[in-house]
Amino acid sequence: MPEALLSAIGAPRDVAAIDIGSNSVRLVLYRLEGRAIWTVFNEKVLAGLGRDLAATGRLSVEGAAQALTALKRFAAVIEGVQPAHVFVAATAAVREAEDGPSFCDTVAAETGLKVRVLSGEEEARYAALGVLAGIPHAEGVTADLGGSSLELVRMENGQVGTGITLPLGPFALADGKAFDAGKRRDEIARRLKPAGNYQTDTLYAVGGAWRTLAQVHMDVSGYPLHIVHQYAMNADEARDVARLVARQSKASLEKWPGLSKKRAETLPHAALVLEGLIERLGLKTIVLSAWGVREGLLFEALDDDVASVDPLLAGSSALGARQGISPTLPGALRAWIEPLMAALPTGFDAKRDGELADALCRLADLGARLHPDHRVELAFDQVLRAPVPGQTHAERAFLATAINARYGGPSATPEPDTIVRLLNEEQRQAARALGLAIRLACDLSGRSAQLLVNARATVRGDLLSLTASDGYADVLLGEQTRRRAKALADAAGLKLQIDGRD
């Protein structure tokens, strides 16, 4: 483990991770801003290193050549970028192939990259760590499907539990014959028997094939928010899309928009494995994680104080600070709206609403540098689609609806169909009320933390009361403040009183 990869929250760093898998070889460059982790470059080659492993016990000759070419390019990119640290990890194919060690020696000799070959236990653990890095409250089982293996590992109370590796990747079952869904389904069921102790309600799916399955489900269901991370399907939805894909021919799948020929070849197998897991583990919900082994390696290397920070709050802070101009505003806003929180409509539950309010306060200055004619739409879109983990799709919609209100947008928001799909009416009302509370605080104070402390909003019964410190009533409680406060009171179902004295 590198020493203190990031021990100072204020010191951004670039980090590179190379994942040499059974199916793909990938380079990802990250920019770390404290606990906020941004993917700034991502390139993969579907080399198929493990394609011949089941038949020959060796790496694919063609795949090894393609992988080496890709790794030479990746090494050149790393040399140019000069990241603070580089992770290079290989998984099942290199681990199990008899010529795996010689392949690593060749990579080192021709690229200078030193490959760490992960054991099955390590691969499972890092996949689960990656899930927890991006979904801190994850409870259930991580399932990481690669080209040669499937890793299952339990997660409880933020901790990684025991895991197993099963020979269930598409290359592990390849027999050179035409794909027969019935026979493949039976073999998958047989190989899943050791997973009986991993029954759970929620499965966190890691791996490119399952991300593609999720994208297929988004397309067929008309889902409006094309973000894979924390996309959730219930068991029936996942089973239906798995069966849909498993029935397709390779030629049919190749015609699917955005689906490569190599991915089309392995996708039916991934669908059948997911179907088998639903039955074997008694799953109710499948949640997609865009974070896995690479992010797990990175997360382990973070300083403990940095790693413990909530990624939603870290990402919101970094995004808001980059666009905003008032570093003291978020904390002042959070303190100012605290007396109002219990009286505002409930979006999720009191604890989560408080966490989302904290994130929104960090995003409240997001529009400061945006063109005023387009501020509402741009701020809304950034909050809805920013690559900030640690939030469900419904919570993304909640924060986007709130930021829309914070900048004076109408209740319909710029994407009404998306918001109605993701939030119920009560959640939409709660988000709007929260955004209007932030707008009131920002506008009465001119976004000045010093002025904001001289005004106070409280709720007693059904009355929203707005007061000011001595000498500040004329400065802070004018006509615009009255309009903002009236909008908040109406959204929260309250009466308004502005008496000018605290």
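In which sense do strand S13 and S14 pair, and over how many bridges? The structure is a predicted model, in which local features need pLDDT of at least 70 and side-chain atom pairs count only at pLDDT 80 or more, whereas totals for chains, interfaces and linings use all residues. Residues are numbered from 1 along each chain as its sequence is written, and side-chain values use heavy atoms, with hydrogens and water left out.

Strand S13 (residues 463-468) pairs with S14 in the parallel sense, over four bridges; strands are DSSP runs of E of at least two residues, and helices are runs of H or I of at least four, numbered from the N terminus. Pairing requires at least two bridges found by DSSP between two strands. Leu464 has Leu496 in S14 as its bridge partner. Together, three strands form an open sheet of mixed pairing in the order S12-S13-S14. Strands S12 (455-460) and S14 (495-498) each have a single partner strand, so one side of each is left without a neighbour in the sheet.

Strand S1 (residues 13-20) is largely enclosed by the rest of the structure, because six of its eight residues are buried, that is, under 20% relative accessible area with a 1.4 Å probe, protein chains only. S1 pairs with strand S2 (residues 25-33) in the antiparallel sense over eight bridges, and the two form a hairpin with four residues between them. Within this pair, Ala17 stands opposite Val28 of S2. S1 also pairs with strand S4 (residues 85-90), in the parallel sense and over six bridges; here Val86 in S4 is the bridge partner of Ala16.

Terms used:
Buried < 20%, exposed > 50% of the residue type's maximum accessible area, 1.4 Å probe, protein only.
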